[in-house]
Amino acid sequence: MAEQTPKPEQLLQIDYRPPAKDWRDPTVEFRKGVFCYSAAPKNLEYLGLPNPRKWQPYDEDWKLPPNWKQIILEGMRDRLQKFRSFRLFMDICVRCGACADKCHFYIGSGDPKNMPVLRAELLRSVYRRYFTLAGRLFPALAGARDLTLQVLKEWFYYFYQCTECRRCSVFCPYGIDTAEVSMIGRELLTLVGCNINWVLEPVANSYRTGNHLGIQPHGFKDSIEFAVDELAEITGVRVEAPINKKGAEVLLLVPSADYFGTPHYFTLLGTLMVLHEIGLDYTFSAFASEGGNFGLFTSHEMIKRINAKIYEEAKRLKVKWILGAECGHMWRVLHQYMDTMNGPADFLEEPVSPITGTRFENAKSTRTVHICEFTADLIHHRKLALDASRNDHWTVTFHDSCNPSRAMGLIEEPRYILKNVCNHFHEMPESTIREQTFCCGSGSGLGTDENFEMRMRGGFPRANAVKYVRDRFGVNLLACICAIDKATLPALLEYWVPGVEVAGVHELVGNALIMKGEKERGTDLRGEALTPKEELVHA
Amino acid sequence: MEDQGAHPVMEALAAKRSAIIQEWLARTFHTYPEHTARFLLQETDPFRNPVGSTLTAAFPVLIDAVLGGADAAPVTGALDGIVRIRAVQDFTAAQAVAFIFLLKPVIRDLLKNAGQAAPDRDALAVLERRIDELALLAFDLFMKCRERLYEIRVREARRRVKILLKRRGVEGRNADPENGGNGEANRPIPDSPVLRFPDSPTLGWKRP
Ligand code: SF4
Ligand code: SF4
């Protein structure tokens, strides 16, 4: 194009392009809609975390302790010694760029610092400056940066813009897991009192009452009874849902959203139906009333503290093994941390399905079975009577939640169930499912209202693949097995792909399940009228 | 409605259709940081690069509208896809829709290079007006997106504790702690927002 043409920005007199910046420049702008509010001091106090105070990320003064820099650097030194992986991740990245365009936040926002390699570099540059010889002597050459207040703010901005989904790690030839870098980043920030309320409030509540909303045992009991009553109305069958029943065979662990939010609740209904139908001897615990563990988004120590209740309650109630319901990060903790942090669970037995005799060898050490493994096994052994046509109003696709798919390889079981309980199922494109699945954009405690725009950016790659199957196959339901997904995907899809709803896998199982003694099902679990069979025939 | 028949200027531009699209795309991608601009342009897999692919697919529709006049529906759909993305990215309202105006210098440069240094003023006026209309449409769509965001947020807050509220016989209270539960969610919430195409009489597109 000719040189003399007026530049578009001159024509418009507006700055349409973000100024080109060196990545070393740490300045960030906390604009409404793209960050999370700080944690309320009462929550830090309750948990005994340092530096409780009133502040917000957009404040000039973050009210840090005077020696904050020393605290952070010492914290870093500690963790470099304690976690070999952390030191490795700091040292071995060759900046090949294979991870660069794999993060949903980068794809959706276009912000280069959302490239996993640069996200980690924010921490790595400080590591080099203070912990490597080259960085101490030739900081500029070694890509080292001083730890300044601006750098700390930048950490907060970008480590709370990583959903710790681990998609990038799938593509890194060295297996560098940027999620773990973000986790350490958040731990360090917590040392000087910089954390977010959407994470710490549930943590404080869980620490007190066992669950995110702070619901006490009687409230929990009311919630479960409410579900039992509703089920009786829908199905004509009154299910048993024992709470704190000593000596039951199995402890059932659910994310608390299952009994206070929708569409989670319909999944709980489906779960109760299945367990009733097979006559499993199980119990809820009114203290282990939450599988979710936002400690995972705070620090390693907090994971352990919040998770301890699960084995404690299993011990107290003298169950044989634990059955975990549909939840994402809960499973990351159960599968990857619980055994070493809170185990060994030698007081439990190796899980065996009392209905089919299947031995869940994969759960040998944690003694905790995923409900999708359990139900898939029931279906495989033909222990459930199913009428898939009751889900004919849905054309379904499956979203692999990051944690079950990437952290525990739970990929085929939910699909096997779905194909047995619905007649219309279509996969999204291969590069967006299974291990390569795109995050909902709201995981790791970022699913809050004030962070809405950032969530819409981060969730766009997922929504884009949903749009493809909606337009191509008429998909109108996205099934998933994660409580955060169920909380945040409905909003994501309302924005990007109107007309597609979200459901748990066990909601669809519940719809299809033919129960002994049930009345004719007039509605699905959502209370939506089903078309009676005869009308379908005549139609 | 203007004459949409063949005109030398329009014909010259129609012949350069794909060059215009390429140049306009390149300039629009350069409203993103440098590395990102390259990624948006080069990665052709629509699932790995949904932003770039959405723009790449939509621009030909917009160009056809500007050059030939076109039906409102596909134009609105194409434009909506782009604006929906830019409405949640790091842009001000003006920056979000400014990419439309980048088309003007693209066309002007092309005409100049094609030896049309002083092209027919009427034809140019028609072109520029169509581009302006496109920009107005984009702004309407942008506002719709922002409204939709707020509506969705309110609904989400309600869904999160819907069962608790139902159990307590309360029909909804905004759970946002910053708002201290201000009752916002008690107001009737419209169903899934429907995008209404602006039906401005100034729009030059042929109606179906
Ligand atoms: S893929 Fe691995 S080695 Fe390559 S830039 Fe990313 S983190 Fe570094
Ligand atoms: S873990 Fe997920 S969110 Fe974090 S950098 Fe990697 S891809 Fe992005």
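Author: Helices here are DSSP runs of H or I with at least four residues, strands are DSSP runs of E with at least two, and they are numbered from the N terminus. By that rule, S444(A) belongs to the loop between α19 (412-421) and α20 (452-473) of chain A. The model is a predicted one: local features need pLDDT of at least 70, side-chain atom pairs count only at pLDDT 80 or more, totals for chains, interfaces and linings use all residues, and side-chain values rest on heavy atoms, without hydrogens or water. Residues are numbered from 1 along each chain as its sequence is written, while chains are lettered from A and ligands numbered from 1 in the order in which they are written.

Buried means under 20% relative accessible area, exposed means over 50%, and partly exposed lies in between, with a 1.4 Å probe and protein chains only.

β6(A) has a parallel partner in strand β5 (residues 396-398) of chain A, over 3 bridges; two strands pair if DSSP finds at least two bridges between them. Strand β7 (residues 501-504) of chain A pairs with β6(A) in the parallel sense as well, over 4 bridges. L478(A) takes part in both pairings: T397(A) stands opposite L478(A), and V502(A) in β7(A) is its bridge partner. From β6(A) the chain passes through helix α21 (residues 483-496) of chain A to reach β7(A), in a right-handed β-α-β crossover. Right-handed means that, with the strands pointing away from the viewer, the path from the first strand over the helix to the second runs clockwise.

Next, the ligands of this model. The residues around ligand 1 include C93(A), C96(A), C99(A) and C172(A), where a residue counts as near a molecule if one of its heavy atoms lies within 4 Å of it. By class, this shell has 10 nonpolar, 1 polar and 1 charged residues. Ala, Val, Leu, Ile, Met, Phe, Trp, Tyr, Cys and Pro count as nonpolar, Asp, Glu, Lys and Arg as charged, and the others, Gly among them, as polar. Ligand 1 sits in the second largest cavity. A cavity is a set of points, on a 1 Å grid over the protein atoms alone, where a 1.4 Å probe fits but cannot get out; a molecule sits in one if more than half of its atoms lie within 2 Å of its grid points.

Ligand 2 is surrounded by residues that include C103(A), H104(A), C162(A), C165(A) and C168(A). Two helices, α6 (116-131) and α10 (178-191) of chain A, each give two or more residues to this shell. Its classes are 6 nonpolar, 3 polar and 3 charged. H104(A) is part of helix α5 (residues 104-109) of chain A, and its relative accessibility is 1%, so it counts as buried.

Last, some backbone details of chain A. S444(A) has a phi near 55°, positive in a residue other than glycine, and it is buried because its relative accessible area is 2%. K318(A) is not a glycine either and has a positive phi of about 55°; at 61% relative accessibility it counts as exposed. The peptide bond from T262(A) to P263(A) is cis, with omega near 5°. The bond from G343(A) to P344(A) is cis too, with omega near 0°.

Technical notes:
On a 1 Å grid over the protein atoms alone, a cavity is a set of points where a 1.4 Å probe fits but cannot get out, and a pocket is an open set with protein on both sides within 12 Å along at least five of seven lines; lining residues have an atom within 4 Å of a point.
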